[in-house]
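Dear colleague,

I am handing over the structure below, followed by an account of what was found in it. Please read the two side by side.

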Amino acid sequence: MIQQTKATTKSRQAILDRLLGTEVIGPGLPTVDPNQLIHFEDPVAKFIEVLATVGGQAHVVDDLRQIGEILAKLPVYSQAKRVVSLVPEAVPSSFDLAAIDDPHALASLDWTIAKGEFPVAENGAIWVQGETMPHRVLLFIAQYLAIVVSRSQMVHNLHEAYARIGTPKSPFGVFVSGPSKTADIEQSLVLGAHGCRELQVFLTP
Amino acid sequence: MKTLPIVDHPTKAHAFVADNERTHWHDQALWFVRSKRDKQAGSVPEWEYLRSLASQIKTETIAKLGDYLSEFERNATALGATVHWAADAAEHNEIVLKILRDHETLRIVKSKSMLTEECGLNHFLEDNGIEVVDTDLGERIVQLRKETPSHIVLPAIHIRKEEVGETFHEHLGTDEGASDPQYLTEAARGHLRDKFLAGEVGITGVNFAIAETGGFVICTNEGNADLGVSLPRVHIACMGIEKIIPRFEDLAVFIRLLARSATGQPITTYTSHFHGPRDPQSELHIVLVDNGRSQLRNRSEFRDALHCIRCGACMNTCPVYRRSGGHSYSATVPGPIGSVLSPTRDSSSYKSLPYACSLCGSCTDVCPVKIPLHHQLLAWRKELVDQNLLPYSKRISMKGASILFRNPRLFTFAGWVGRKSLKWLPHGMTHNRWNTWTIARELPEPPRESFRHWYAANRKR
Ligand code: SF4
């Protein structure tokens, strides 16, 4: 680090003066009426259905041991050399993550098994909290990603999700919905743009 | 400010429209996205409720924009971020360059940001000896081809896969003649991985910045923004001042609308929330850019245009955009919203854009934040007349029409002349290269008599 660049605020006052100089009356902020929001009879089923449409795969498991068994059946997992598991109770890591302090060293990572806080039924997303990962790049640099999350934590829609997060406590948090994808070449959907090529989601009790 | 060249939309669209097959393909590609949007919107029963919530939140935010920006600055700073203020594009570019120079940076990776396009950041940095790599696949394609994005969400929507194949063959060494999207994307993945690992600073745009928490959100499908900023120690996020929303909970409303409206997905693959720098050894810089936005806020008739969340739905649905292509608008933001925004920057240069519109109103119907786009385009036409910016041909014909409608006898006579000439004039007289209206149209069959005549014979006793 050479030096920390200071904030440039030369134009701050001019911009604020222009904005505060013209008074505009607004309508006030609305309060969202929870009765108008979508709820599902079977949110777990909805989650699984939506996740499939965005290219992810969900597995309902009742025991953490099943996760390793299901993964072992995937050739891309059984052949993987470098695996980081943030859920060691379920699957072991293949090397010691604590020995790594430069995230660039994770470039050749095959799999990350991450821990999700809660799933969202309406859009197949899972909230992953930054502090569960020693390096946030783990979520994006691995060729394949699995997220372990409790289905009992399921929320119906994003309003419930944000209410649940409350005030963000860590510098990073992300909703992940499906594997990385692009349709930038003639609108043809290709999975595995820059991030993970596949997403496996394990819904634990 | 230097004067911009006049953008004449029909002239600019000419080359694109001349290729009939391509126009058709482009039209279909966007209609496909529009249909996906309809499906998603239809699957949310409270869609209209969400739109009105979004519209109300944005209206309130823009009304109190100064207060919300101060609140954002305060909270972001408390989290350890550095907040910069830029009055215009040049200042924005200087600020970014200063940060890069302070860190002796030679290579940056950048994710999609229409704001940095608007500011011309890439060229500015390249002129200053910095390698800029756009990491969004569409933007990378466009960058390698030395073009500009033609759409705000789908930057390379105008390029065919065979052309991407040629570009990649030249720059990335893919097989000659290859055009399979899977293969080409894989090649780009490999190529950009190296760039990510070599990037010294990550630059991103911002989808939403939250005043209440001092954080911001970036939405991508590729994961390029996240990969770009989670390796280097410095992250620069550039945002227009209108990207603010007041409360953390408001994100629910906008995230639910954004991806559904943009590409017909329930949510983007990654919706990343940044609150302060990664760790004590990292830096997070947020550049707040005005560049004409505060002036636009002071114009009550066009103020709502600041509500735009850049979903691109109005482009996908616009019959003119779909057939003329994004480049015909000669602006970073094309389509209906671009035609409202561009003339607010320079009404003389962009005076043809409010006419690149059939006033069908489809854009207004799909806009997730309910910007009355076609009303604003109509308002612009009036404004252009008031500013005396209407082309001579239109001014004269309007004058003529005004005289005609004020004078019943003249009107009757003109009707008679019209009916007779429609009947007797040879086809070549009406269909020739001077009459552009008839290029792809036939003139109507002349009626046997005028309405006035018919009325007198049938209804008047
Ligand atoms: S004007 Fe509305 S529809 Fe068009 S890009 Fe902006 S938010 Fe989307």
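This is a predicted model: local features need pLDDT of at least 70, side-chain atom pairs count only at pLDDT 80 or more; totals for chains, interfaces and linings use all residues.

B:H151 is found in the loop of chain B between α8 (137-144) and α9 (161-172), and its side chain reaches two backbone nitrogens, that of B:V153 at 2.9 Å and that of B:L154 at 3.0 Å. Leaving aside residues up to four places away in sequence, B:H151 touches B:L30, B:M114, B:I157, B:G312, B:M315, B:N316, B:Y321 and B:P334.

As for the chain around this residue, chain B has 22 helices and ten strands, and 58% of its 461 residues count as buried. The C-alpha trace of chain B spans about 90 × 55 × 50 Å along its principal axes. Of the contacts in chain B with a separation of 6 or more, 74% are between residues 24 or more positions apart. Chain B is divided into domain 1 (1-43 + 313-389), domain 2 (65-291) and domain 3 (392-459), and the centres of domain 1 and domain 3 of chain B, taken over C-alpha atoms, are separated by 30 Å.

As background, an α-helix has 3.6 residues a turn, so residues three or four places apart point the same way.

Turning to the rings, the count of aromatic pairs over all chains comes to 16. One of these is formed by A:F140 and B:Y270, which are edge-to-face, at 5.3 Å centre to centre and with 70° between the planes. This pair crosses between chains, with A:F140 in helix α5 (residues 138-141) of chain A and B:Y270 in strand β9 (residues 270-274) of chain B, and both A:F140 and B:Y270 are buried. A further pair joins A:F172 and B:F274, whose ring centres are 5.3 Å apart and whose planes are at 55°, so that the pair counts as tilted. This pair also crosses between chains, from A:F172 in strand β7 (residues 172-176) of chain A to B:F274 in strand β9 of chain B.

A:F140, A:F172, B:F216, B:Y270 and B:F274 form one aromatic cluster.

Finally, there are two places in chain B where a charge sits over a ring, and these may interest you when you look at the side chains. The charged end of B:R160 sits over the ring of B:W25, at 4.3 Å from the ring centre, and that of B:R441 sits over the ring of B:W437, at 4.5 Å from the ring centre.

Notes:
Residues are numbered from 1 along each chain as its sequence is written. Chains are lettered from A and ligands numbered from 1 in the order in which they are written. Side-chain values use heavy atoms; hydrogens and water are left out. Domain bounds come from an automatic or database domain assignment. Rings of Phe, Tyr and Trp (its six-membered ring) pair if their centres lie within 6.5 Å; planes under 30 degrees apart count as stacked, over 60 as edge-to-face and the rest as tilted. Helices (H or I, at least four residues) and strands (E, at least two) are DSSP runs, numbered from the N terminus. Buried means under 20% relative accessible area, exposed over 50%, partly exposed in between (1.4 Å probe, protein chains only). A charge sits over a ring if NZ of Lys or CZ of Arg is within 6 Å of the ring centre and within 35 degrees of the ring normal. A polar contact is a pair of N or O atoms within 3.5 Å; within protein, one must be able to donate a hydrogen and the other to accept it, and residues adjacent in sequence count only if both atoms are side-chain atoms. Contact means heavy atoms within 4.5 Å.
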